[in-house]
Each structure stands twice: as C-alpha cells, then as structure tokens.
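These are my notebook entries on one structure. I record what I looked up, entry by entry.

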Amino acid sequence: TLLEYLVSDELVVRFDRILKRVRDHIDPNPSPYDASWLLDNSRPFFDRQDLRTKVQTLIEQNGRTILLVPNDDRGYGRSYTLDFLAHVANCRPDFVRVVAAVVPDKGAPSYKVEHLLSEVADQLETTEVPPPQTRSSEADSAARWLRKSLKNAGCLCVLVLDGFGQQGFDSNVHETIQKLAQSLSLPEYRWCIRLVLLGYPHPLPRTVGLANVLTETLRSAVSISQSDLLPCLEAWDDLRKKKGLVGVADGQMPSLADGMLAKVPPEGKERLAELHASLLHLLDMAGDGTYAANS
C-alpha cells in the first residue's frame, strides 16, 4: 500500500520497479546469491551458477558444512569464490562472517600451523591466544583452538582456505585441516562453522562423510554464452541509469553480449579474463549510451 501511494500519488518513480516485483509476488529484496557484480559493484561475476547454489545451501542450511572448489589447470575463478563469499557476508553482516587464510604461490615450505592460527586470530580480533605448538599435539590443539574461536565469533563463521593444495607443507598443517573438517559434522559446530577449501586435492577423512560435503561442478569456459553475460549487462545498465547516464537502447543488450563473445578466445582462462576485462571497460565508460557490438 505504501509503495502504491509513493509511486501513484507522490510520483516517486524510482520505486516503480520494486512495486512491480511486489505485484508479481516476487521478494523485492535482491538475493545476494544472484548478484552479477561483487564488492560494491566493482567486479563482474558470471558463469558460477553451481557455486551460487551450493554457497546458498552451505550458508542457509545446516546439512552441509564443507564446500570443495576443485583445482583447475586453467585457474578457473578461484579468487572470485572468496569475493563472492565476502559479498554474501557483506549483504548479511548480522548472520555471516568470512575469515580467510591464503597461502601465496611457493609459500608452502615456510608456512606453519602458527601462521594459520595467527591469520584467523587477526581477522577475528580475538583475545584468545593461540596455543603453544608442541610437535606431539600440534594439530589437535590447533584444531581445537580454531573450533572454539570460530564458534565464538557470534554468527555463522565461514573459514576459507586457499593455496593449501601446494606441495611442501608441514604435515601438521594438513592434519589440522583434516581434524577441523572431521569435527564440523558434530551438532555443537554444525550451526556455527563452515569450511571452504579452494583447490584442495587431499582426501578428507572418511568420518567426514560424503553427505556433509558440497563440491562445485565447474563448467568449461567454452560454454559461456549470451545468457551468462546478460545479467551482468542488465545490472551494469541499471548502474548507469542511477548515475544519470543514458542506458542501453531497447533490444541492443543481446547484440552487445554477442559482440563481446565474438572478440574473445573460444576457451580457457583467457576467455574468462577477456570477458571480465570487457565488462570492466564498460563499467568505466561514460559514453552516450550507444554501444556497437564491435566497440
């Protein structure tokens, strides 16, 4: 009723689209899992529909507590997984918190358990001091500290581990991850902790159970099509209009997507990278609203 009044009587036209969604019985609040641009609309995000679905299951339900994002020789979007999770947490700050530990390339030989605990402690700003490490019980005490600290975060805490698939780690690093994963199916932690492993090739303990693990199914870059780009372009067009810039002419959006696809390599990481670069170029373009397919 309020929307009807604001649009019809007060002529607040910017609410017209929200009113239409309400009339169509669609939740007017955009779902963070459907976002086409991440991190304050600064990064285009497309072609990860399976990840979107599985992250929503991971966060909104308590049945699965671990998400595996497989390694891919073409470097298929792993960094954007963390960006996507950060975006979801930013949209739900009262409910979700993301903590990440990222090991740089060739950093495995010098990386120890205490580095993992220190990264988590810094992000949680916890006063709980990580336990002193002794070789006999290092993994046990580290996993115990992680569980306690993540549980005490006050909301659903998602721990993202990236770069832990490299060769050369101290065995206690992997044992800590394994012990943490093993405990997340327990009722005490199922409601408050999630674990996301990016490019982690090591098998999890059998006691984790397949029913407790989600695994993203990656599509080939060659399958990216017009339908993948259109949501990004439509959201970008909305951003332009909100800035007072001219929008894309009716019927021109599909040809704009087709023109972008025609200029990029047919497959591989380069196809993804160039499509992202093209979308970012559009984001920075002031222009007059005329976008040729070959521009």
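How do β4 and strand β5 (residues 156-162) pair, and over how many bridges? I found that they pair in the parallel sense, over seven bridges. I note that the model is predicted: local features need pLDDT of at least 70 and side-chain atom pairs pLDDT 80 or more, while totals for chains, interfaces and linings use all residues. Residues are numbered from 1 along each chain as its sequence is written, and side-chain values use heavy atoms, with hydrogens and water left out.

Entry on terms. I take helices (H or I, at least four residues) and strands (E, at least two) as DSSP runs numbered from the N terminus. Two strands count as paired if DSSP finds at least two bridges between them.

Entry on the sheet. I traced five strands in an open sheet, in the order β4-β5-β6-β3-β7, with parallel pairing. At the edges stand β4 (96-102) and β7 (213-215); each has a single partner strand, so one side of each is left without a neighbour in the sheet. Neighbouring strands are turned by 20° against each other on average, direction ignored. Angles run from 0 to 180 degrees between N-to-C directions, with axes fitted to C-alpha atoms, for helices over the stretch in contact.

Entry on helices. I saw that helix α4 (residues 78-91) lies across β3 (66-69), β4, β5 and β6 (193-198), at about 155° to β4. Helix α7 (residues 171-183) touches β3, β5 and β6 (contact: heavy atoms within 4.5 Å), and its direction makes about 135° with that of β6.

Entry on the largest pocket. I define a pocket, on a 1 Å grid over the protein atoms alone with a 1.4 Å probe, as an open set with protein on both sides within 12 Å along at least five of seven lines; lining residues have an atom within 4 Å of a point. About 1500 Å³ of space lies in the largest one. Of its 42 lining residues, R17, P30, D34, A235 and D238 are the closest to the centre. The largest share of the lining, 10 residues, comes from α9.

Notes:
Points joined across faces, edges and corners; volume = space filled by probe spheres on them.
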